[in-house]
Amino acid sequence: MNIFSSYSLNRFVVGTIVATTVPLFLSIPAFPQSEETPIPLDVERDAEQSSRFWPAAQTLTQSQFHLLSRVEEAFATPDPNRVRAARGQIILNLGQLDRFLDQQNLAPQTCGAVLSGGSQNSAAARLNCHFYAALQDWEGMLPLLDSRLAMLATIAEVRPLPLVSGESVMGWGGIPAQVKGSLREPATPLNAPLPAVEAVPLPLGRSVKSALGDYQPPLPPAVAPLGAGVGQVQRLESRLSQMKALFPSAFADFVDRQTLLAVRDLPPEQDPDLQDYAELLAEPYTGIASIRPATEPPLLVNRLTPSPDPFTPLLPARDRGFQPTLKLEVTTPAGEPTLGIVTSELDYGFLLPLGDVPLAAVSADLQDLSLPPAVRDFVLSYQPPQNLEALQVDRRRFLTGKQAAFLPLREPLRLTAPLQLEQTYLLRSLQFQVPPLLQTRRLTVSGDRRYLAEATQIDLLLVLRPIARRADGSYRMVWRILKEFPNPEFENLWEYIDQ
């Protein structure tokens with residue numbers, strides 16, 4: 001009798017129950033399924049020569065990396081819905097591993113000798129034994145996630161969700177409503193959710209009253225990462241690294257964690273084909289980023305985890321820790337998605353839609369684009385004022401669209417543009433590091449003058465292309481930096497501060 005027969009039956013029953021009674025897992029992108037056709041593999045007959053084994057093993061290994069990233073986040077998040085989603089994906093992954101191992105000629109009792117034998121055994125035999133050990137490691141994750149879920153039930157609601165296809169539920173006032181369940185949405189906090197208050201930009205040197213007066217938001221929960229879960233994740237991470245090293249060079253290409261994070265939770269019908277951008281993303285000064293909506297629903301946060309920067313870094317951090325980022329956001333002023341530049345403090349710039357132009361085809365001199373000569377010359381030759389007061393005047397002209405009145409342009413260059421998938425945009429981004437001394441605008445003494453050296457600007461020209469839209473309204477974009485303009489120092493800062 002096959003050693004996996006009874007285990008496969010039990011796993012099939014569990015998977016059927018989950019898929020039947022809790023179809024909400026269908027709203028989560030499923031991992032690539034391994035082929036159901038048995039893979040004939042005889043380890044004693046040089047299994048690495050099999051043309052069907054390695055592609056299936058590569059797909060299954062990549063899904064392990066994807067799942068590990070999800071589980072690692074589930075052990076650190078205060079959102080129980082992420083824990084539930086990760087648990088469902090583990091159950092699906094166990095079924096994949098079980099079916100794959102059921103097709104191999106594997107004797108589990110020999111795996112200890114195979115793994116300790118090193119290069120004396122074939123790579124396929126060692127990989128199969130690693131799969132068998134990973135199956136047990138993933139099983140050990142389930143009780144840890146159950147414990148985590150029970151603890152998070154004191155922070156947010158953990159209740160059965162409606163079907164993904166929709167259910168009629170009783171709403172407020174006894175009025176039935178048709179709702180759909182999805183673990184993509186964060187769980188509802190048990191305490192009062194934070195009100196969605198529009199952020200007011202702080203002008204330099206001026207104080208602004210809070211939108212809600214003396215309102216103090218409730219203290220976010222402090223959720224420490226589960227120690228046992230962290231250890232289990234590290235064990236699996238080490239095992240997957242060993243498995244990755246066993247693959248032949250023809251099958252050694254795996255998607256890294258950053259890319260997995262960027263494309264996670266995309267709807268299946270909008271999942272981009274990253275192979276189309278693999279060659280571009282391998283070049284320097286390129287990347288993939290998430291552009292978030294300007295107004296997002298309040299989320300559960302963990303005060304023990306530092307809030308990540310909502311914007312993707314474009315270049316490494318410069319002197320004094322200044323790092324330029326892709327400061328863009330998505331708005332829907334008239335129901336249509338619009339891409340816009342975030343103009344915090346002194347930052348500004350302009351956007352130009354280019355149409356369906358490949359990113360790799362755009363050169364730094366913009367000669368291959370069908371732009372009016374005056375626009376092309378302005379994009380490449382514009383220099384922001386180095387006097388801080390003149391810079392703010394120039395910036396206000398761009399914000400109000402009045403720069404055409406004093407620049408050699410017939411039409412103003414906007415900070416926003418209609419957002420469309422598979423279209424390319426040209427972005428001139430000017431970002432500034434404003435020291436606190438300029439923000440407070442207080443009188444200075446000679447000892448404070450050294451802090452003015454922190455005033456820095458970075459001026460970049462880049463192209464970007466939206467490739468997918470997520471269910472939460474954010475977009476995935478591939479970007480490429482074309483040019484970095486010189487960054488001269490500011491002038492007359494003392495006159496601005498001491499006036």
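Strands β4 and β5 form a hairpin with six residues between them, and Gly335 in the turn has a positive phi of about 85°. The structure is a predicted model, in which local features need pLDDT of at least 70 and side-chain atom pairs count only at pLDDT 80 or more, while totals for chains, interfaces and linings use all residues. Residues are numbered from 1 along each chain as its sequence is written, and side-chain values use heavy atoms, with hydrogens and water left out. Helices (H or I, at least four residues) and strands (E, at least two) are DSSP runs, numbered from the N terminus.

**The sheet with the hairpin**

- β4 and strand β5 (residues 338-341) pair in the antiparallel sense over four bridges, where two strands are said to pair if DSSP finds at least two bridges between them.
- Within this pairing, Glu329 has Gly340 in β5 as its bridge partner, and Val330 has Leu339 in β5 as its partner.
- On β4, Leu328 and Val330 make up the covered face, whereas Glu329 and Thr331 make up the uncovered one.

**Helix packing**

- Two packed helices are described by the angle between their axes and the distance between the axes; here the axes are lines fitted to C-alpha atoms, for helices over the stretch in contact, and angles run from 0 to 180 degrees between N-to-C directions.
- Helix α3 (residues 80-102) and helix α5 (residues 123-152) pack with their axes 9 Å apart and at an angle of about 160°, which makes α3 roughly antiparallel to α5 (angles under 35 degrees count as roughly parallel, over 145 as roughly antiparallel, 65 to 115 as roughly perpendicular and the rest as oblique).
- The crossing of α3 with α5 is left-handed, a term used if the near helix is turned anticlockwise from the far one by less than a right angle, with right-handed used if clockwise.
- Sorted by class, the contact of α3 with α5 has 19 nonpolar, two polar and six charged residues; Ala, Val, Leu, Ile, Met, Phe, Trp, Tyr, Cys and Pro count as nonpolar, Asp, Glu, Lys and Arg as charged, and the others, Gly among them, as polar.
- The axes of α5 and α6 come within 10 Å and cross at roughly 165°, and these two helices are therefore roughly antiparallel to each other, again in a left-handed crossing.

**Aromatic pairs**

- Rings of Phe, Tyr and Trp (its six-membered ring) pair if their centres lie within 6.5 Å, and planes under 30 degrees apart count as stacked, over 60 as edge-to-face and the rest as tilted; by this rule the count comes to 13 aromatic pairs.
- The rings of Trp54 and Phe247 have centres 5.4 Å apart and planes at 65°, so this pair is edge-to-face.
- Trp54 in helix α2 (residues 53-74) and Phe247 in the loop between α6 (227-245) and α7 (257-263) are 193 residues apart, so the pair links distant parts of the chain.
- Both Trp54 and Phe247 are buried (buried means under 20% relative accessible area, exposed over 50%, partly exposed in between, with a 1.4 Å probe and protein chains only).
- Phe100 and Phe131 form another edge-to-face pair, 5.1 Å from centre to centre with 65° between the planes; Phe100 lies in helix α3 and Phe131 in helix α5, so the pair ties together parts that are 31 residues apart in sequence.
- Phe100 is buried at a relative accessible area of 1%, and Phe131 counts as buried at 0%.
- One aromatic cluster is formed by Phe53, Trp54, Phe65, Phe100, Phe131, Phe247 and Phe254.

**Residues in loops**

- Tyr285, in the loop between α8 (278-281) and β3 (286-291), has a phi near 60°, a positive value in a residue other than glycine, and is exposed with a relative accessible area of 52%.
- Glu422, in the loop between β7 (416-418) and β8 (424-433), has a positive phi near 55° and counts as partly exposed at 32% relative accessibility.
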